[in-house]
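Dear colleague,

Please find below the structure I am handing over to you. My findings follow it.

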Amino acid sequence: KTDVLVIGGGAAGMGAAFAAQKEGAEVIIVERTETLGGILNQCIHNGFGLHYFKEELTGPEYAYKFKEIVEENKIKFLTNRFLYKIDEEKKEVYFTSETGIEKVECKALVYTAGARERPYGSLLIPGDRVSGIYTAGVAQKLTNLENRLPGKKALILGSGDIGLIMARRLTLEGMKVEAVLERMPYPGGLARNINQCLKDFDI
């Protein structure tokens, strides 16, 4: 039982939990992976923390500083739990874990499970053979967390910040990034990333 249940242990979840606890609420964070931090753990580039910690950090460093706040304030968190069911009437939330089904009763629920990349089918890529086609987030996870390269050459479709950052990352890991393609007449990412990720590497 808890006052506030936070589903999702990324930056938003940890921030919400800390804010709720400061107001006097008892809080539990539930996270599906084995550690807190969410997507930050695979974002090993810098640029985080400038507003909150007043220093430039990588994603994992930023997550670690938030984890320290959670632990210092003795906020309870449960990892390796998958959301199974929310019973809104009874205010009960069920999770699956290695030990079976677990139930948490709460007075308030905060859902901070983040966003999902659009699935392959929504990207209007012709054909039905998906081998070798990855979303930027999956390529980032393979490279940064699992130490596996998705191939020897890459063509990146879309010039948002993650596309630009992955162009640099894959190049640094030895892949040949042939090009970053963008349908607009200019790149979509921050000027800093256009310079540091494309121009600096002659992509």
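Which residues does Thr33 touch, not counting those up to four places away in sequence? The model is a predicted one, and in it Thr33 touches Thr79 and Asn80.

Thr33 lies in the loop that runs between β2 (27-30) and β3 (46-48). With a relative accessible area of 32%, Thr33 is partly exposed, because that value falls between the 20% and 50% cut-offs. Two polar contacts of its side chain deserve mention. One, of 2.8 Å, is made with the side chain of Glu31; in the other, the Thr33 side chain reaches the backbone oxygen of Thr35 at 2.9 Å. Gly8 is 25 residues from Thr33 in sequence, and their C-alpha atoms are 9.3 Å apart in space.

As to the protein chain as a whole, five helices and 10 strands make up its secondary structure. The C-alpha trace spans about 55 × 45 × 30 Å along its principal axes. The chain has 203 residues, of which 36% count as buried. Among contacts with a separation of 6 or more, 50% come from residues 24 or more positions apart. The accessible surface amounts to about 12,800 Å², and carbon and sulfur atoms account for 52% of that area. Finally, there are 27 positive and 27 negative side chains, with the centres of the two sets 3 Å apart.

Yours sincerely

Key:
Residues numbered from 1 in each chain as written. Predicted model: local features only at pLDDT ≥ 70, side-chain atom pairs only at ≥ 80, totals over all residues. Heavy atoms only, no water. Helix = DSSP H or I, 4+ residues; strand = E, 2+ residues; numbered from the N terminus. Buried < 20%, exposed > 50% of the residue type's maximum accessible area, 1.4 Å probe, protein only. Contact = heavy atoms within 4.5 Å. Polar contact = N/O pair within 3.5 Å; in protein donor to acceptor, adjacent residues only side chain to side chain. Areas by Shrake-Rupley, 256 points an atom, 1.4 Å probe, with all protein chains shown as cover. Lys, Arg positive; Asp, Glu negative; His and termini not counted. Charge placed at Lys NZ, Arg CZ, Asp CG, Glu CD.
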